[in-house]
Amino acid sequence: MNPFSFVRANSPKAAIDAVSKGDNSRFIAGGTNLLDLMKNGVMQPEKLVDINNLPLKDIQLSKDKLHIGALALNSTVAADNQVKAQFPLLSQALLAGASQQLRNMATVGGNMMQRTRCSYFYDTAMPCNKRQPGSGCGAIGGVNRMHAIFGASDKCIAVHPSDMCVALVALDATVLVTGPKGERKIPFADFHRLPGDTPEKDNNLGKGELITAVEIPNNPYTKNIYYLKVRDRASYAFALVSVAAALELDGNVIKSARLAMGGVAHKPWRLAAAEQSLIGKTATEENFRVAATVAMENAKAYEHNSFKLQLAPNSIVTALLKATSV
Ligand SMILES: Cc1cc2nc3c(=O)[nH]c(=O)nc-3n(C[C@H](O)[C@H](O)[C@H](O)COP(=O)(O)OP(=O)(O)OC[C@H]3O[C@@H](n4cnc5c(N)ncnc54)[C@H](O)[C@@H]3O)c2cc1C
């Protein structure tokens with residue numbers, strides 16, 4: 001582990017100033033991802049700016065949206081009564097992630113910023129364009145069972161590992177950010193990036209920018225929802241494929257739908273065309289299967305992950321069936 005300095009910030013401005021000074025400074029929240037990366041030599045910040053004293057832990061429901069501070073803990077958000085009642089998809093997705101101990105430390109902002117779990121990214125003896133731009137991609141010709149089937153590039157086929165983010169992209173969340181140039185809002189779908197030629201950039205957060213909150217507009221998805229996570233073991237494993245599904249039903253007719261997948265792309269993967277294909281249809285397995293087929297257009301597998309070409313559509317159908325069987 002490299003030597004680093006440590007400062008504790010007491011205001012967002014102090015945090016932004018402190019992190020903007022060095023070339024290689026980082027905010028630290030729960031530390032559950034950043035410290036592992038530092039111990040493995042994958043990331044080597046020269047300064048850590050502890051943001052845990054900032055007043056960013058609030059969860060507030062107003063008449064048009066839910067506001068969640070960036071330092072709200074994953075466990076607190078999942079257990080919040082308003083979240084469970086009005087945004088149960090988010091609660092389910094959070095509870096599918098990590099373990100209770102980790103969720104007790106992990107923050108909303110940190111979860112969004114967590115880095116891929118691609119084993120070539122973690123193994124500093126292997127090439128990885130994300131860790132070291134220009135070094136190559138070990139996964140493309142290597143063991144790529146966990147890797148992307150959508151939106152990958154010839155530089156990187158890693159996937160984003162978050163569960164929470166899959167629900168947030170499905171629910172049309174917005175990311176609130178403050179930084180050296182002031183405040184801005186980023187639609188959740190535009191927050192994370194596809195790898196393209198710059199896989200070292202996971203997201204569109206600028207230098208020195210701090211996530212302050214996430215907001216979710218109120219929605220009708222309180223009943224017919226399901227977060228399905230398919231993984232190698234029942235706990236403590238990242239998704240091979242996950243699906244966030246939410247339906248607004250009028251009797252058995254679908255008024256609106258939200259669908260997103262995790263474990264399949266460099267960013268949480270919204271399935272807009274599949275959502276559209278469901279509107280006005282009856283909630284039947286046959287129609288869910290059509291939507292799943294639409295969702296899989298442009299999917300591309302690598303040597304060891306072609307099973308995802310079947311697992312992903314089957315998971316979409318299962319998640320939709322679960323969402324309608326409540
Ligand atoms: C064994 C294990 C299993 C796990 N399983 C899962 C799983 O199944 N599903 C899942 O979704 N996650 C899983 N995780 C990941 C876990 O959810 C993340 O490590 C956690 O959410 C990160 O939050 P943190 O507050 O600890 O972030 P930190 O480790 O403190 O920070 C992570 C990154 O976020 C940046 N950051 C933090 N807060 C902000 C902010 N407000 N603004 C800007 N940048 C910020 C930091 O600079 C750093 O780069 C697992 C982790 C472990 C160790």
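The questions and answers below concern a predicted model.

Visitor: What average pLDDT does the protein have, and which helix has the highest confidence?
Guide: This is a predicted model, and pLDDT is the predictor's confidence in each residue, from 0 to 100. The protein averages 97, and 100% of the residues score at least 70. Confidence is lowest in helix α1 (residues 12-21), with a mean of 96. The highest value, 99, belongs to helix α9 (residues 164-170).

Visitor: Into which domains is the protein divided, and how many Å apart do their C-alpha centres lie?
Guide: Domain 1 covers residues 5-52, and domain 2 covers residues 224-324. Between the C-alpha centres of domain 1 and domain 2, the separation is 36 Å.

Visitor: How many disulfides does the structure hold?
Guide: A disulfide requires two cysteine sulfur atoms within 2.5 Å. The cysteine sulfur nearest to that of Cys 118 is the one of Cys 128, 5.9 Å away, and Cys 118 is in no disulfide. Cys 128 is likewise in no disulfide, its nearest cysteine sulfur being that of Cys 118. The number of disulfides in the structure is 0.

Visitor: Is Cys 118 buried or exposed, and which class does Cys 128 fall into?
Guide: A residue counts as buried under 20% relative accessible area. Cys 118 has 9%, so it is buried. Cys 128 has a relative accessible area of 8%, and therefore its class is also buried.

Visitor: What is the volume of the largest cavity, and which residues lie nearest its centre?
Guide: The structure holds 3 cavities of 30 Å³ or more. The largest has a volume of about 70 Å³. Its lining consists of 14 residues, and those nearest the centre are Cys 118, Cys 128, Asn 129, Cys 137 and Cys 156.

Visitor: How many residues of each class line the largest cavity?
Guide: The classes to be counted are nonpolar, polar and charged. For the lining of the largest cavity, the counts are 9 nonpolar, 3 polar and 2 charged residues.

Visitor: Which residues line the second largest cavity, and how do they divide by class?
Guide: The second largest cavity holds about 50 Å³ of space. Its lining is made up of Gln 114, Arg 115, Thr 116, Lys 130, Val 159, His 160, Asp 202 and His 266. By class, these residues divide into 1 nonpolar, 4 polar and 3 charged.

Visitor: Which residues of helix α5 are buried?
Guide: Helix α5 spans residues 88-95 and is mostly covered, with 6 of its 8 residues buried. The buried residues are Pro 88, Leu 89, Leu 90, Ser 91, Ala 93 and Leu 94.

Visitor: What is the phi of Asp 172, and where does the residue lie?
Guide: Most residues other than glycine have a negative phi. Asp 172 is not a glycine, yet its phi is positive, near 60°. With 38% relative accessibility, it counts as partly exposed. Its place is the loop between α9 and β6 (174-179).

Visitor: What is the phi of Tyr 236, and in which loop is its place?
Guide: Tyr 236, although not a glycine, has a positive phi of about 60°. Its relative accessible area is 48%, so Tyr 236 is partly exposed. It is found in the loop between β9 (224-230) and β10 (241-250).

Visitor: What distance separates the C-alpha atoms of Ser 119 and Gly 138?
Guide: Ser 119 belongs to helix α8 (residues 119-122). Its relative accessible area of 45% makes it partly exposed. Along the chain, Ser 119 and Gly 138 are 19 residues apart, and their C-alpha atoms are separated by 9.0 Å.

Visitor: How far apart in space are Ala 72 and Gly 208?
Guide: Ala 72 is in the loop between β5 (65-69) and α3 (74-79). It has 2% relative accessibility and therefore counts as buried. Ala 72 and Gly 208 are 136 residues apart in sequence, and from C-alpha to C-alpha the distance is 20 Å.

Visitor: What distance separates the C-alpha atoms of Val 294 and Ala 272?
Guide: Val 294 lies in helix α11 (residues 285-295). At 22% relative accessibility, Val 294 is partly exposed. Val 294 and Ala 272 are 22 residues apart along the chain, and the separation of their C-alpha atoms is 9.6 Å.

Definitions and conventions:
Residues numbered from 1 in each chain as written. Predicted model: local features only at pLDDT ≥ 70, side-chain atom pairs only at ≥ 80, totals over all residues. Heavy atoms only, no water. Domains from an automatic or database assignment. Buried < 20%, exposed > 50% of the residue type's maximum accessible area, 1.4 Å probe, protein only. Helix = DSSP H or I, 4+ residues; strand = E, 2+ residues; numbered from the N terminus. 1 Å grid on protein atoms, 1.4 Å probe; cavity = no way out; pocket = protein on both sides within 12 Å on 5 of 7 lines; lining within 4 Å. Points joined across faces, edges and corners; volume = space filled by probe spheres on them. Nonpolar A, V, L, I, M, F, W, Y, C, P; charged D, E, K, R; others polar.
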